[in-house]
Amino acid sequence: MRFIIKHASCGGERVGNLTGFAKMKTAVIETPTAALLTQGGSVVHLTVDVLSKVFTSPHLLWVPLSNSARLEIGVKAQGEGIAKFAGLQGHVTCATLHNASEMTPPGHFEANFVPMWTKNGKKMITADRYMDIMEIYTPDILLAIADSHITLNEGQKRISKSVERSRVLLDTCVNRYVNSKRLQDCALIGVITGTGINEKCDHCIKHLLTHKEHLNGVALSGMTDGSEESLKIEKDKLETIFKSISESIPSELVKFIEGCWTPDIIMTAIQYGWDVFDGSYPSKLTNAGQALALNFDVDKNCDELCLLDLNDVRYKEDFRPILEGCECHTCKKHTRAYIQHLLNTREMLSTVLLSIHNLHHFDQMFVHARRHIASSTFDVYKLHIVKQYERYKQQVPIESDSEKDKDTVQTAKKICVSNDVLENVSIFK
Amino acid sequence: MGSKSQALLFHIQAECKTTRSRAGLIKLPHYSVKTPVFMPVGTQGTMKGLLPEQLEELGCEIILGNTYHLGNRPGTEVLEKIGGLHKFMSWNRALLTDSGGFQMVSLLKLAEITEEGVKFRSPYDDTEIMLTPEKSIEIQNCIGADIIMQLDDVVQTTFQDYDRIKEATERTSRWLDRCLKAHKRPSEQSIFPIVQGLLNKELREKSARDHMTKNVNGFAIGGLSGGESKDQFWPMVSLSTGILDKHRPRYLMGVGLAIDLVVCVALGVDMFDCVFPTRTARFGCALTNKGQLNLKQKKYETDLNPIDNECTCSTCKNYTRAYLHCIVTVETVACHLISVHNIAYQMRLMKTMRENIEKGTFPQFVKTFVNELYSDGNVPSWVLESLNSVGINIR
């Protein structure tokens, strides 16, 4: 994989291309971009057939091992990698250990073992085992295994452990990577952790850069454990982190950010030169029955809410599309009233229609961002998006996040104990 | 006796010289439907996670909606405002709705049936509701399907009390008259009467003969596929199709297993519906001519074949059994993928039957089909007997 910077402003924001993928020679992924989150190898809720109605060009797929581990035997039998096995060979894959936006129980580390939380419960995994699976998956891009699923507010001891463990894990990954024939076309990405303490984070980055010749990029982690609470970070603090870490990374490396960040925060990250985001945000909205409806025209003053909660009975007789003028399949064919009905009756088509819209619209947010960066008007665009999102936050009282988090952890613990695959899949009840 | 209103025109395009099967075209206000046809069931105005566009691509020409569910949610007010279910769900082809009676009796333990209608407590707000023939038609008029069903007096198929069956059969005829009288949109929607009588020959014959005297565009055969044995089932179908005139379409309710479809087409049925192909998909069951594959089984773990090599659906083009094995009953995508295949299977089976009827090769097709399905030679006796009754000798 090659990363080519096409335009970089003095502020830091930049547009670039990811190209030269061995399996998809013609594929070009323009950055800044967001990947599409997969679950069990498929883009969440969408078959290949439906995905092709949303995107006609190759996209970056985010493939957490934690939700796709059961594919290993099949991928191995076929021998052509995870994308082909999941029917998504027209796209580019980026594999990682966890979905950073999913909450997992804390702790459970053992010497050399990292806990991987799957639907079947906890599986302990070493860096070697991780790389064994990666040799089978042969993704186009591979995030090193790390102990980075922690918040900025963790204690010093936890953060030190995180950095130390991740250092050892990375060394193994690099060693395996360098000696692997099957992974020679794969791009390796080092994971930054310890973000909560400057000094620890510096250590982490310094160590990462000792492997610089083998790395195509870095991924910023160690900021969230997936909880809503951990995502609430003061603007200034975030800006400092995005800025200072970005500046300490050589510009030729592509910069990833893991986590379920909202559009306003994504804009800030882009401003400081971060290139690739995981796709957990639109997928979280979809699962909550929400639709993103940002206005991208900077000349327009927009009073409408930029997020619709389609569970709301107020949409029962609203025969407009989610977003007037949106070019996605859902908005061209279906109404808010129909989606409200599907949510109300717990029909699976609700998440399909919402995924189509949210993925399209989220992708458009990046398309517009790239356009504005190229024409040096990104600051105007950023302000336009941030304003809309802040207005939404002011108008809609957000329910207690800590309560929500408690539920999530409870569920995760239950899964861990019961080992029951079906327990968490309500549609089959 | 031809079709009386423009809401439905039925043309028979080819008839089998051996069996009672025929290939035809039902012209409906929203679409012309080729028969024999299988109609997938989209209970609440959606087909188990599939886009209307995908259903079109799969070749579905008519699908079902359930009056009971749609009347509750989104409700007639919403449907009226947007101009019917077609617009609400963005489906431009034909629709058929049931009367709502079946759901009342099967879902609601407290339903009480009187001459007036079906009285029950709403599971949504616990109020007492009376579903009369007039009310059923009023809701169906509002939903706006091309074909609508009369409210019938539903009795469990295996029920044995003669008096009750007789009452239900006769009441169904009386309710038909009330339905026809209450029908507000006869130029856009056709009411089908439902032949009742359960497993009783005389009652079923009388029901069919009663309905034949009515000014209707087609007939439904009800009260079957409810737990009775196949030996009891097929003679009732045969009896009904033998009486119902051949110039109007015949719809056998609730039947969708491949072998049942083949036998009943041979017996002269034109239309079928069943939740089975999409319901079984949710449990990881895929349909093929050799029987069903339960993709959860470990033997598919490394099976790199598609579900069916001969199938051209998007699932078979893009996915292996091994991949589906990994995600069935875990990811929603697996439901969608197997539903796509199973609907494609049903559509392909009906299309193959149609083509064979047109070519005059239907009996040969039936023999090949039966022998492939029961490749061990153990063809069930009811299949042999029913096919024999229309001139196909499998052995």
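Across the interface of chain B and chain A, the rule finds 7 salt bridges, a salt bridge being a side-chain nitrogen of Lys or Arg within 4 Å of a carboxyl oxygen of Asp or Glu. The structure is a predicted model, in which local features need pLDDT of at least 70 and side-chain atom pairs count only at pLDDT 80 or more, while totals for chains, interfaces and linings use all residues. Residues are numbered from 1 along each chain as its sequence is written, chains are lettered from A and ligands numbered from 1 in the order in which they are written, and side-chain values use heavy atoms, with hydrogens and water left out. A search of the whole structure finds 50 salt bridges over all chains.

**Interface of chain B and chain A**

- The interface brings 40 residues of chain B into contact with 46 residues of chain A, where contact means heavy atoms within 4.5 Å.
- About 4000 Å² is buried between the two chains, and carbon and sulfur atoms give 60% of this area; buried area is the accessible area (1.4 Å probe) that two parts lose on being put together, summed over both.
- On the side of chain B, B:Leu51, B:Tyr323 and B:Val330 supply 15% of the area buried against chain A, more than any other three residues.
- A:Lys333 forms a salt bridge with B:Glu53, with the closest N and O atoms 2.7 Å apart.
- A:Glu317 forms a salt bridge with B:Lys81, with the closest N and O atoms 2.5 Å apart.
- This pair crosses between chains, from the loop between strand 17 (307-309) and helix 11 (329-333) of chain A, which holds A:Glu317, to helix 2 (residues 67-82) of chain B, which holds B:Lys81; helices (H or I, at least four residues) and strands (E, at least two) are DSSP runs, numbered from the N terminus.
- A:Glu317 counts as partly exposed at 32% relative accessibility, whereas B:Lys81 counts as exposed at 51%; buried means under 20% relative accessible area, exposed over 50%, and partly exposed in between (1.4 Å probe, protein chains only).

**Salt bridges within a chain**

- A:Asp318 forms a salt bridge with A:Arg320, the closest N and O atoms being 3.0 Å apart; A:Asp318 is buried at 11% relative accessibility, and A:Arg320 is partly exposed at 38%.
- In chain B, the side chains of B:Lys119 and B:Glu112 meet in a salt bridge at 3.9 Å, N to O; B:Lys119 is partly exposed at 26% relative accessibility, as is B:Glu112 at 40%.
- A network of salt bridges links B:Glu115, B:Asp153, B:Arg164, B:Glu167, B:Arg171 and B:Arg174.

**Domains of chain B**

- Chain B is divided into domain 1 (9-274) and domain 2 (281-360), with bounds that come from an automatic or database domain assignment.
- The centres of the two domains, taken over C-alpha atoms, are separated by 27 Å.
- Their contact takes 29 residues from domain 1 and 16 residues from domain 2.
- The two domains of chain B bury about 1700 Å² between them, 76% of it on carbon and sulfur atoms.
- B:Phe38, B:Lys48 and B:Leu58 lose the most area in domain 1 to domain 2, together 28% of what that side buries.
- The count of salt bridges between these domains is 0.

**Nonpolar cores**

- The largest nonpolar core has 221 residues, of which A:Leu65, A:Tyr130, A:Phe242, A:Trp274, B:Leu252 and B:Phe272 touch the most other members; such a core is a set of buried Ala, Val, Leu, Ile, Met, Phe, Trp, Tyr and Cys residues joined through side-chain atoms within 4.5 Å.
- Helix 13 (residues 332-359) of chain B gives the most to this core, with 13 residues.
- Domain 1 and domain 2 of chain B each provide at least three residues to this core.
- A second, separate core of 24 residues includes A:Ala27, A:Val44, A:Leu60 and A:Ala219.

**Surroundings of B:Leu95**

- B:Leu95 is found in strand 6 (residues 94-97) of chain B and is buried, with a relative accessible area of 1%.
- Leaving aside neighbours within four places in sequence, B:Leu95 is in contact with residues including B:Ile62, B:Leu85, B:Met89 and B:Ile147.
- B:Leu95 and B:Met39 are 56 residues apart in sequence and 9.0 Å apart in space, C-alpha to C-alpha.

**An open sheet in chain B**

- In chain B, 3 strands form an open sheet in the order 7-8-9, with antiparallel pairing; two strands pair if DSSP finds at least two bridges between them.
- Strand 7 (112-113) and strand 9 (128-131) stand at the edges, each with a single partner strand, so one side of each is left without a neighbour in the sheet.
- Strand 8 (residues 118-121) is joined to strand 9 by 4 bridges, and B:Arg121 stands opposite B:Glu128 in strand 9.
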